Amino acid sequence: MEFLKTTPLIDPKLDMRVSYIRYWNEKYKGLDVGHRGTGTSFKVTKGTSYKVTRGSSIRENTIASLKKAGEFADFVEFDVQLSKDLHPVIYHDFHVYVSLKKKATLSEHDMLELPMRELTLEQLKNLKVYHVVEGRKREQEFFDEDLAEHQPFPELSEALEIIEERVGFNIEVKWAQLLENGLFEDNHSSIDMNLYVDCILDVVVSSLTCF
């Protein structure tokens, strides 16, 4: 029998009074939200043909993308999932393409598709990582990996610390969904759902109690 236990967050600092004053006052007619920061890195057009075009000029779900979006948006939206060693990181797809070479040429033999959940935080930080679309196309799109804030897989704690306090966060907890065919979209995570959510909440609550 599967079950999900929920308990209240008991902390006097975790109320919505400040957030209401800051974001939801009567003068607001709507909020601007940056999707994955300044937008998705690749746009997919579906129709008679399946076409992928370049999206945002800054790699999605990076500190650089979130900071740029924060200059004009009220909120930034991003996806959070856990590395193998239970660190909450910001990343959208369930899979990554990696290369074991520091400066690998993009050829079919250099790249390997792996479930993101099977890699530790250190591996995610140190491997040569490509966006899923880059891997499928065998064509590198971004050349800014030498810049720290443009690195993929920033930790959630980094974003909470670096992004301006006035910018709200819309955090999507990335969890494999059960498809109509009875299979999970990423072969499913072996991590307990309660533990999965708790690891993310621990980081969020810790950052709030620091102010």
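These legends walk you through close-up views of aromatic rings in a predicted model.

**View 1. Phenylalanine 78 meets phenylalanine 169 edge-to-face.** Welcome to one of the three aromatic pairs that the structure holds. Here the ring centres of phenylalanine 78 and phenylalanine 169 are 5.1 Å apart, and the ring planes stand at 80 degrees, so this pair counts as edge-to-face. The two partners come from distant parts of the chain, 91 residues apart. Phenylalanine 78 belongs to strand S4 (residues 75-82), while phenylalanine 169 belongs to strand S9 (residues 168-173). Phenylalanine 169, with 21% relative accessibility, counts as partly exposed.

**View 2. Tryptophan 175 and tyrosine 196 form an edge-to-face pair.** Now for another pair of rings. The centres of the tryptophan 175 and tyrosine 196 rings lie 4.8 Å apart with planes at 80 degrees, so this pair is edge-to-face. Tryptophan 175 sits in the loop between S9 and helix H6 (193-208), and tyrosine 196 is part of helix H6 itself.

**View 3. Lysine 174 places a charge over the ring of phenylalanine 94.** To finish, here is a contact between a charge and a ring. You can find the charged end of lysine 174 over the phenylalanine 94 ring, 5.4 Å from the centre of that ring.

Key:
Residues numbered from 1 in each chain as written. Predicted model: local features only at pLDDT ≥ 70, side-chain atom pairs only at ≥ 80, totals over all residues. Heavy atoms only, no water. Phe/Tyr/Trp six-rings, centres within 6.5 Å; stacked < 30°, edge-to-face > 60°. Helix = DSSP H or I, 4+ residues; strand = E, 2+ residues; numbered from the N terminus. Buried < 20%, exposed > 50% of the residue type's maximum accessible area, 1.4 Å probe, protein only. Lys NZ or Arg CZ within 6 Å of the ring centre and 35° of its normal.
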